[in-house]
Amino acid sequence: PWEYHIPKFQTELACHIETAKRTVARLFKRKDWPDILHCHEWDSAPVVSDLALYTGLPWVSTLHISNTLNSGYMTPYFTETVCWYLWWEQMMLRSADANISISHHYADWMRLFSQGKPIHVVPN
């Protein structure tokens, strides 16, 4: 339930946002909450961010690939989805209580957005 594939056109985003909301609502009914939430990439960040907000649990994000750093190599539909990709990637880095990076190169870039929050490097 955590994975969301971004559509080619922004007109399809409303469906994905609604799916994320329903996923959060369903997961919020759980009784056996973990101690910490882990977000693996920006595409699950909307759900994890909402869960962290509603439950008060801390969350950690992992950035394996950066859409911002690789934006020049994205699909022909890049102009349609650029705001969604880059905004959530940056919101994930800002909102998470701590971040995990796959390299020192990514960690240096992530520091621009993480507002001083801890960044741990775990080489990929």
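View 1. Helices (H or I, at least four residues) and strands (E, at least two) are taken as DSSP runs and numbered from the N terminus. Read along the sequence, these elements follow one another in the pattern α-β-α-β-α-β-α-β. This is a predicted model, in which local features need pLDDT of at least 70 and side-chain atom pairs count only at pLDDT 80 or more, whereas totals for chains, interfaces and linings use all residues. Residues are numbered from 1 along each chain as its sequence is written, and side-chain values use heavy atoms, with hydrogens and water left out. Of the 124 residues of the chain, 41% count as buried, where buried means under 20% relative accessible area, exposed means over 50% and partly exposed lies in between (1.4 Å probe, protein chains only). The accessible surface of the chain comes to about 7,400 Å², and 59% of this surface belongs to carbon and sulfur atoms; such areas come from the Shrake-Rupley method with a 1.4 Å probe, and for residues only the protein chains shown count as cover.

**View 2. The open sheet, in which four strands pair in the parallel sense.** The order of the strands is β1-β2-β3-β4, and two strands are said to pair if DSSP finds at least two bridges between them. At the edges are β1 (37–40) and β4 (119–121), each of which pairs on one side only. From one strand to the next the twist averages 20°, with axes fitted as lines to C-alpha atoms, for helices over the stretch in contact, and angles running from 0 to 180 degrees between N-to-C directions.

**View 3. Asn-99, with bridge partners in two strands.** Four bridges join β2 to the parallel β3, and in this pairing Ser-61 has Asn-99 of β3 as its bridge partner. Strand β3 (residues 98–101) also pairs with β4, in the parallel sense and over three bridges, and here the bridge partner of Asn-99 is Ile-119 of β4. Together, β3, helix α4 (residues 104–110) and β4 make a right-handed β-α-β unit; right-handed means that, with the strands pointing away from the viewer, the path from the first strand over the helix to the second runs clockwise.

**View 4. Helix α2, lying across β1 and β2.** This helix (residues 45–55) runs at about 165° to β1. Among its residues, Ala-45, Pro-46, Val-47, Val-48, Ser-49, Leu-51 and Ala-52 are buried. Asp-50, which is also found in helix α2, counts as partly exposed because its relative accessibility is 25%. The C-alpha atom of Asp-50 is separated by 9.4 Å from that of Ala-20, although the two residues are 30 apart along the chain. After α2 comes Gly-56, whose phi is positive, near 80°.

**View 5. The aromatic pair of Trp-109 and Phe-113.** Rings of Phe, Tyr and Trp (its six-membered ring) pair if their centres lie within 6.5 Å, and planes under 30 degrees apart count as stacked, over 60 as edge-to-face and the rest as tilted. By this rule the count comes to one aromatic pair, formed by Trp-109 and Phe-113, which is tilted, at 4.9 Å centre to centre and with 55° between the planes. Trp-109 counts as buried because its relative accessibility is 11%, and Phe-113 is likewise buried, with a relative accessible area of 15%.

Notes:
Contact = heavy atoms within 4.5 Å.
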